[in-house]
Structures are given as structure tokens and as C-alpha cells.
Protein chains: 2
Amino acid sequence: MSVDATLISAFEDALGTGHVFHEAADLETYAEDGRGTRGEPALVVRPGSADEVRAALAIAYAAGLRVVPQGARTGLVAAGLAETEGQDLVLSLERLKGSIAIDPVNRSARVGAGVLLSELNAAAAEHGLFFPIDLGADPSIGGMVAANTGGARLLRYGDVRQNLMGLELVTAEADPRHLVLGSELWKNNAALALQDLVAGSSGALGVVTAATLALSPRPANTVTALLALPEPETALAILTRMEDAFGTLLTAFEGISRPALSAALAHVSSLRDPFAGAIPGYCVLLELSGGRAVPAEWLEEKLAETLEPLFEDGTIADTRIDRSTALWAVRHAVPEGLRKSGRVVACDIAMKRGDVMRFRGEIAQTLAQIAPQLELHDFGHIGDGGLHCNCVWPDNAGPYDAKVAEAAREAIFRTVVEDYRGSFSAEHGVGPANSAWYQRFTPSDVRDLSGRIQALMAPMPLGRVNFG
Amino acid sequence: MSVDATLISAFEDALGTGHVFHEAADLETYAEDGRGTRGEPALVVRPGSADEVRAALAIAYAAGLRVVPQGARTGLVAAGLAETEGQDLVLSLERLKGSIAIDPVNRSARVGAGVLLSELNAAAAEHGLFFPIDLGADPSIGGMVAANTGGARLLRYGDVRQNLMGLELVTAEADPRHLVLGSELWKNNAALALQDLVAGSSGALGVVTAATLALSPRPANTVTALLALPEPETALAILTRMEDAFGTLLTAFEGISRPALSAALAHVSSLRDPFAGAIPGYCVLLELSGGRAVPAEWLEEKLAETLEPLFEDGTIADTRIDRSTALWAVRHAVPEGLRKSGRVVACDIAMKRGDVMRFRGEIAQTLAQIAPQLELHDFGHIGDGGLHCNCVWPDNAGPYDAKVAEAAREAIFRTVVEDYRGSFSAEHGVGPANSAWYQRFTPSDVRDLSGRIQALMAPMPLGRVNFG
């Protein structure tokens, strides 16, 4: 059914005239995501409550429109964008805010799906707490649930699902229901964990309207170290040594390849070069953090003691230890450095931790053969086996050839999934950008069951992913 | 269909004659669980592989037999027991062992569903690792997945689901399928998290044949403290102060009521009384633990510093600090102490952390009115809001009256669920012992959806719980 005046009126009657957009200028705001990918919605609606979500879904169901829930458009797999044919209804979560209700003793927060991560953290900080999913972007909570985002501190705090106590969900059917799943409890085994199934479902099992999240004590003291390694292969032995020494005090363990660090330092002018021009073969950024009784000086001293033998045997060539966010700034500058170096081919993959360095070596050889124009600029969360296996087509390498780039992507995904039993989507979720890989690499019997659950939970077209 | 010679032969052909039991003496081994509850299976089969599980389920499906998967019979809600009518087939996981495959760099273990927690931990210990779900019992991994067990260190490490990387599951249908769900990855968002839905599903969504679990570094240094509190109400302020001071170094925070401690000391002869007869109004047992670089002396010193002001203002009357397992022995002796004090009415509940002390006070008043014979002997994991709200009918209180006990249980569950938005099952899962509470307290639309998912995943009768 086309979007006509009658349909627009129906939505306006349910949501108010200010919250139904169909003019091109208004739609533009909702057209583009964090990767710069574009979609063309037929219509955008902004419900302000779960009841309005129910009403919007009922109207869309009757009209045969597909609904695509959309958060803050920071996603990287296009799961929150309309298709390009101008047929989809985008349901924006941005007005589903309400108050952020923090329970400081319980260490939990109930938030509307449209609340931004930064807003939640500002409210939690007043109680010495934070939501420990550490990301470069500022997504909505609903989007974070849909993508089950991970980030740089997953090693210690887990992903969104592992910090999810409860969800409110509106089902996508003729008569949509407002389900309250889970609770605000740390420990609860009184029902099937439907909320955990919704986490990571790319908006395809229902519209998340609110979530109750577990918060963590914000560490009072943090120390970071940037280690210069002559040989990348030693990074994993350093990781297990740090875990043995520091246990739960180790809160991040990131890897930065030499080309990735070079790109950041060359193109992000605000950065200070930590190694004054001597760019190492590989860098590890690690973070230790603790509470008020764990002084930063003590962390520094213990870290220096633990690293000492690694200096002596040449495993580490140089190090910078810091209590500020300066070293994190280097790490966080990498994506911008890559973008400014040329065209980026991004692959968000994961594998067993012990495989990361072997994979890097193997894929570098493969890419040299099949895509010699591409330069491997990998970096990422090697402490959890996550690798942003990103390549750059430099501006001076001649015109970008999409076929070569696609061959590179194909080699990366095929190798990590088939040869390493790894994942083609570590922390960005499943969306149109990687649905074909989902279809290809997911066993047919798992797809069959997933598709049947999707059809049962969302009998009307919802979201951009078919899990079947 | 009755169990006749033809059916027995069919199972024997599929599994071997030594693994199909139908004589009363053989069935007896599989009849009783951790609470002493009994079931009467018609038949017990012990498949030794996923293929044999498939074969057994196919035969049972054709014969119209309900299958009840059973682990190590340590469960407390009867989810792994046959009904008493002698109609069910018990499918024991005990031969699904295989080798325990530990990946020390990845910190993961792939284990068969019949492997015991103690066996996994013995294998993990060789690599300085452990599976951090801390329990009094020694369940099978399959049973732990079915119940999504929590335990005393959930505060730090989470429940089974939060440490579950992947599962192998045989579906319960005419032609059962062997599904591989999830992976051995710390970070993975490439599919719906069906494995997380199976965790906590009481064996009703399929038969778990193997699991891949996340392991943690085994802390090299541990300090425990037993705090004597004149006023129980102060326990929660101590909890948040400890979290602020120690962050992730705090690995357990348990509460023990005065009657519970008295019972343990009176009836468990191996215990030494930590307070030499001066039993406090309430006790907190807390644990700090860290890696090799975090010395026990340092933990002790920082703990003493942090507790000092609480001594000075009278919040804490006395304390014992210890590096051995002696204080944990006191805590772990409580269930035995209760059993030896009389008949136990056990309620495994959870609520928001800040509500625990208010709830204790309120329920004590209620019980005094409706069940004056019962003595409240609560203890549990107050750091995660979990409370074993157990009562004892003392041997000297006259004959046990099941109606009075049931009224007490009803008051406890109704109050925690309806007045505190808490849970009637914190960490023991759902089984026949609490299915009626599930039906009563779960919203009908959530039950409806759960029942439809159950019917889709397990179209043949499987397990003892109907989630619909």
C-alpha cells in the first residue's frame, strides 16, 4: 500500500501531527547512519510512549508497511535504515525517553529506549556509577540493545546482554502487545530469558521501548599503559600474564597495528605522538582500574613491576604509562586516521584470543595477493578476540575498485569463519550490510529455527534482517 | 503408550543394552534429587553421544513418551525428575562427558553436558583458571545450563548464562536435530542468541549435549572477612561502600541471620565459632580476591583501613579477617545447620538489593502472625539481592503442619513478587516445585509467548515445565 493522505492522517491521529514526517526535507534527518549508508523511508513516525508504539505498529500492520525501528543512527550495519526504495516506515525511538530512573543501591537504571548512552552515564555518574559499555559513538539504549554492542571493556564487563536486567517490548502484530520481560533484579530465574533473545536481534523481534540495565561502580582510579612491541606475536602472552597478575583489575586490552597508529598520528592533529616518531611494530593499550581503596600510584607501581621482566627479555621495547585519557585518545583516533588515509574497507570480526596474531599474519599474505592496493590497518579489542580488520585503499593507489575491495572482504570473512571458527560480526550486529554473510555462514538448521522464532514474535515485517 | 519389550528393545538397539534401565532397582538411582524429592521413571536411558540423544528422542517421540533430561540430581525444584506416575522417560546426561577441552589462552572450555562442575574445575585449575559459578553442590554442566545457576560469586562473575559461549542442543521432535548454537568466542553478534534462551529453560527447549564456557583467572590471593553487625539494616550501606572502595576486587557479599548462624554452630560439629559464643544480630561475609600482583597482605591492610570508620561509629561490632576457607565453611554450614534444627521450608527469592533488609523485617512480622511455629533462618547472597528466605519448623514445635508451612511460603512469594517486584526463583530455576508460582506470577502475555516458543522448539513433551 502506498503512503497516502488517509494513512498519514491515521498516524497523525495516533501520534500527533508533529511526529509524523513525510516531506523529503524532514525525512532526510532519518536517512543516514554511522557508516554514511543511506536509506529512503516512505514515512517517519516518532511515538512518545509504548502505547503510541502499539498504535503505530497496528496502523502499519493494517497498511502492509514494513516498520524499521531506528535509534540514534550510529549503527554500522544499516539495521536502523529504511531500504532505498522508499517503501519502509521508520519508527524513531528518539522520543521514548521519559525520566532516567537510577537505583543507586541496586546499581540499576530504567531508561527509555531513546535515551542516549551519554545521557545515561551523566545520570549514573551522580551516584558514582556507569553503564560499562565503552564505545566511540553515542547510541541510543534501544539501538545498543538491538546491536548488543560490545566495545573496549567487554573483557571485564561483558556486552549489553550481560548487563541487561529487563526490557519492555512491543510485539509486531495486528494487535501489538506491550510485554514486560525480566525485571530489575541481578539474580532471577523465574521465566524464559526472552529479553536476552531480543538483545542482538537487530530490531527484528519487536520494538524495544525501555530497558533496565545493570550499572557498575565507576572506578575512582585508572592507569593506562601503551606498550611498544617489536613482535606482535608476544601480545597474547602479555595478555595472559596481565590477567594472571591483575585478575579483575584489568579492564581493557587493545591492539593497534603499526599502520593504524601511523594513520592516527599522521591525520589527527590533536594527538601527541607517544613514541616521538619511533612507531613500533605493534602496540598494546592496557587499562587497570580500581575503586577508591586502590590508589593509582599503587596500580602504576605494580604494573611497572609486572612489566619489568618483559622489558628485560626484549618483549617490550618501550612503554608509556599514564593516568589521563591521553593514551585512550590515541586508540580512539585510529578510525578517523584511517578515514583520512583513504577509502576504508571495514570488517568487524572476532576469533579465539589465541588466534588473533596467526590470523593477522595469514590474512596479510592473502590480501597482498588478491588486493595489493589495500593496506591492512587492523586494530581492536584483542583482549576479547575482537579485531577491526580494516583495510585502507590509499588515495594514491589509483581509483577505488569495488570488486577488489569485495574480494578482500570475502577473504577476511571466509577465512575467519571457516578456517578459524570465528565471527563475521563481533560487535556491530546483523543488518543489511552483512545479511548475506549471515545467510552464508549460519548453519541452515539454526537459520530455520531462528526464522521460525522471528515469524512467531514478529508476524508483520519488522526490521531489516531475516534470520530465517 | 506403555513401556513394553518392543520399546525397550528399540532403545537398546540404539544405545546398547547397558544403558537402558527398566528394573526397579536400576531406576532407583535416578529417582531422587538434591531436596530429597522423588520421581518414578518408567524407563531411564543413558545416551553416550548427541547422535544417541537424537535416536532416543526419536524413539520416545514415536512412542508418545515424555522425556525428562536429568543431570547430576542436585537440582532443588525437581526439574530433572520423572513424575510420580511412572510414565516418563528419564534421559540421563551422565555419559555425555567426552574430553574436557580447555583453551587456556582463550580462557574457554568445551565440555559434555554430563561433566561435573568439580571435574571442569579440576581441569581448568591446571591452567590457573576456573568456572566462576560457586555452588554448594556438584551439578552437571547440563543441569547448570538448565537451571542457569547463580551462586555466591554472581555479584562479580554473573550466572551461567553470562558465562556461556555456546551450546550443542538436540531438538525434541520427530526427527531431532543436533544444533550448534553460539561458538567459543567472547564477542559474537552474528546470530540470534538462542543459547542464552536455552539457559534457564529447565530442560524444556531441547537436550543440551555440550557447552562451551568462559573461564576466569583463578585469583591467586583471597581475603575473607566476617563482620558482626548489631543492626542488619547497615549491611547495604557497607555493600555500597565496599563496591566504591574495591570495585571489581569484591567477589562475594553474603548475609547470615543470627538464627542461621546459631543453627550452623549448634549442629555442625566441625565448625569453630568465630565469635566465641557472642553471636551477633547479623553477619556479613565478604570476599576480596585478586591476581598474583595483588598480595593478600595488601588486601587485608586496605580492608582494615576501609572498615576502620565503621568500627568507630559502631556499625560493625566485631570482625574476623582470614585468608583460609574457614569463614566460608561457616557460611556453607548454614543449610546443614538448618536441616538438623528441624523441618526446613526453603524459599529461594530475589529482590532489589536495597530492599533486602526491609523485606526481612516485614516478612518476619507476617510469619509471626500466620505461622508462629516457624522460625525465620534467612541467609544468602545479599550482594546480588538473592535471599534464601528459609524457615525452620523446630523439632520441639509440635507436629509439622503442611498447611501452615504452605501459608508461610505463599506469604513469602506473594510479598516478594507483588509488593517488592522480586522473584520467586532467584537461582534454582523453574520446576514442578514452583511451576504453580510461575503460572500465578508471570504475566499472561509473557506466558503465552513463552509457551509458543516452547512448542516451536520442543513439539514433543520434554521436561517438567510448561512455560505457557
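A residue counts as buried if 20 or more other C-beta atoms lie within 10 Å of its own. I kept that cut-off at hand while I went through this predicted model.

**Entry 1: helix α9 of chain B**

I began with helix α9(B), residues 258–267. I asked which of its residues are buried. They are B:Pro259, B:Ala260, B:Leu261, B:Ala263, B:Ala264 and B:Leu265.

**Entry 2: helix α3 of chain A**

I checked the length of helix α3(A), residues 50–63. At 1.5 Å a residue, its 14 residues should span 20 Å. The end C-alpha atoms are 20 Å apart, so the two values agree. Then I listed the buried residues of α3(A). They are A:Ala50, A:Glu52, A:Val53, A:Arg54, A:Ala55, A:Ala56, A:Leu57 and A:Ala60. I noted that charged names, A:Glu52 and A:Arg54, are on this list. After α3(A) comes A:Gly64, with a positive phi near 75 degrees.

**Entry 3: a four-stranded sheet in chain B**

I traced an open sheet of four strands in chain B. The order is β1-β2-β4-β3, and the pairing is mixed. Which strands are at the edges? They are β1 (20–21) and β3 (67–70) of chain B, each pairing on one side only. I followed β3(B) to its partner β4(B), residues 89–92. The two run parallel and share four bridges. In this pair, B:Val68 stands opposite B:Val90.

**Entry 4: strand β6 of chain A and its partners**

I turned to strand β6(A), residues 108–112. Four of its five residues are buried, so the rest of the structure largely encloses β6(A). I found strand β5(A), residues 101–103, joined to β6(A) by three bridges, antiparallel. A:Ala101 stands opposite A:Arg110 there. The hairpin of β5(A) and β6(A) has four residues between the strands. In that hairpin, A:Arg107 takes a positive phi near 55 degrees.

I also found β6(A) joined to strand β10(A), residues 207–214. This pair is antiparallel too, with five bridges. Here A:Arg110 stands opposite A:Thr212. I reminded myself that strands of a sheet pair through backbone hydrogen bonds.

**Entry 5: two buried strand residues**

I picked A:Ala228, which is in strand β12(A), residues 221–229. Is this residue buried or exposed? A:Ala228 has 20 C-beta neighbours inside 10 Å, so it counts as buried. A:Gly281 is 53 residues away from A:Ala228 in sequence, yet their C-alpha atoms are 7.3 Å apart. Beyond its neighbours within four places in sequence, A:Ala228 is in contact with A:Phe275, A:Pro280, A:Cys283, A:Ile316, A:Ala317, A:Asp318 and A:Thr319.

Then I looked up B:Leu169 in strand β8(B), residues 164–170. B:Leu169 has 29 C-beta neighbours inside 10 Å, so it counts as buried. Its C-alpha atom is 6.0 Å from that of B:Gly206, which is 37 residues away along the chain. Leaving aside residues up to four places away, B:Leu169 touches B:Leu179, B:Leu181, B:Val198, B:Gly206, B:Val207 and B:Val208.

**Entry 6: the nonpolar core**

I asked which residues touch the most other members of the largest nonpolar core. Of its 317 residues, A:Val145 and B:Val145 do. I wrote down the contacts of A:Val145, again without residues up to four places away in sequence. They are A:Val160, A:Leu164, A:Leu167, A:Val198, A:Ala199, A:Val208 and A:Ala211.

**Entry 7: how the chains meet**

I counted the contact between the chains: 83 residues from chain B and 83 residues from chain A. Several elements of chain B each supply at least two residues to its side, among them α6 (154–157), β9 (178–182), α8 (235–246) and α10 (296–312). The largest share, eight residues, comes from α16(B). By class, this side of chain B has 36 nonpolar, 28 polar and 19 charged residues.

Last, I laid chain B on chain A. A turn of 180 degrees and a shift of 0.0 Å along the axis do it, with an RMSD of 0.0 Å. The copies are therefore related as by a two-fold rotation axis. Of the interface residues of chain B, 100% are also interface residues in chain A, so the copies meet through the same surface.

Key: Residues numbered from 1 in each chain as written. Chains lettered and ligands numbered in written order. Predicted model: local features only at pLDDT ≥ 70, side-chain atom pairs only at ≥ 80, totals over all residues. Core = buried A, V, L, I, M, F, W, Y, C linked by C-beta atoms within 7 Å. Buried ≥ 20, exposed ≤ 12 C-beta atoms within 10 Å, placed from the backbone. Contact = placed C-beta atoms within 7 Å. Expected span 1.5 Å × (residues − 1). Least-squares fit on C-alpha atoms with pLDDT ≥ 70 in both. Pairing = 2+ DSSP bridges.
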